[in-house]
Amino acid sequence: MATAKSLRNFRIVLWALVAVVAIGATALVIFRPPARPLGVTGQEFALNSTKGGAFTQDELRGTPSLIFFGFTFCPDVCPTTLAETTAIRAELGLTDEQLRIIFVSVDPERDTLDMVKNYVEGFDPSIIGLVGSSLEQTENAKKAFGVFSEKVESEPGDPYYLVNHTALTFLVDAQGSFDGTIAYEEDHATAVAKVKRLVEG
């Protein structure tokens, strides 16, 4: 009898410990959720920056950012987006230390670092331009944000080709994690509200 009672008590204690561990694990997930990936997917990347040196996924941390992918020969979407993002930042009275604007080229075949620098600084000197040294580097950056792009040539070797690409502005918080998007030509008041929420965290 004593042996059966001891075994029963042992089982009760064991199940109690299992319950405590389960509750503790649940609380850990609730109060300390798993770290969110940098960017959208967590893909690592490294691009040349118009501000000097390399810009990697780790550089996303520290300051909220608006990130847009495009190319300097873009006739409409890219200049419109850059003009709108700089206008939103000015409207909210924010500095580049409070909100970064980052332009990533999807056309490294034509876009040199100097070209991108001149292009983005024509909208605002504080805008950061990023260019890959190779198509592979550019592809890694695109994968980090789930971005699509493709060259559209009127004929093989056309030097004036266009590039179809994702026309979203990605909102990245101060921890370097994805916080949403602004669509091309989205309602201005809605876009401003999203940026304000991003910065206020």
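**Ring, charge and side-chain contacts in the predicted model**

Arginine 110 lies over the face of phenylalanine 73, 4.1 Å from the ring centre; a charge is placed over a ring if NZ of Lys or CZ of Arg is within 6 Å of the ring centre and within 35 degrees of the ring normal. The model is predicted, with local features requiring pLDDT of at least 70 and side-chain atom pairs pLDDT 80 or more, while totals for chains, interfaces and linings use all residues. Residues are numbered from 1 along each chain as its sequence is written, and side-chain values use heavy atoms, without hydrogens and water.

The structure holds eight aromatic pairs (rings of Phe, Tyr and Trp, the last by its six-membered ring, with centres within 6.5 Å; planes under 30 degrees apart are stacked, over 60 edge-to-face and the rest tilted). The pair of phenylalanine 45 and phenylalanine 145 is tilted, because the ring centres are 6.5 Å apart and the planes stand at 55°. Phenylalanine 45 belongs to the loop between helix 1 (2-31) and strand 1 (46-49), whereas phenylalanine 145 is in helix 4 (residues 135-145), 100 residues apart. Helices (H or I, at least four residues) and strands (E, at least two) are DSSP runs numbered from the N terminus. Both phenylalanine 45 and phenylalanine 145 are buried (buried being under 20% relative accessible area, exposed over 50% and partly exposed in between, with a 1.4 Å probe and protein chains only). Ring pairs also join Phe45 and Phe145 with Phe69, Phe170 and Phe178 in a cluster.

Nine salt bridges were counted, each a side-chain nitrogen of Lys or Arg within 4 Å of a carboxyl oxygen of Asp or Glu. In one of them, lysine 151 meets glutamate 109 at 3.2 Å, N to O. Lysine 151 lies in strand 6 (residues 149-152) and glutamate 109 in the loop between strand 4 and helix 3, so the bridge ties together parts 42 residues apart in sequence. Lysine 151 is partly exposed at 36% relative accessibility, and glutamate 109 is exposed at 52%. Lysine 151 additionally lies over the face of tyrosine 161, 4.5 Å from the ring centre.

Aspartate 124 forms a salt bridge with arginine 89, with the closest N and O atoms 3.4 Å apart. Aspartate 124 is partly exposed at 21% relative accessibility, whereas arginine 89 is buried at 4%. Aspartate 124 is also among the residues in contact (heavy atoms within 4.5 Å) with threonine 86, together with Ile101, Phe123 and Ile127, when neighbours within four places in sequence are left aside. Threonine 86 is located in helix 2 (residues 77-91) and counts as buried because its relative accessibility is 14%.
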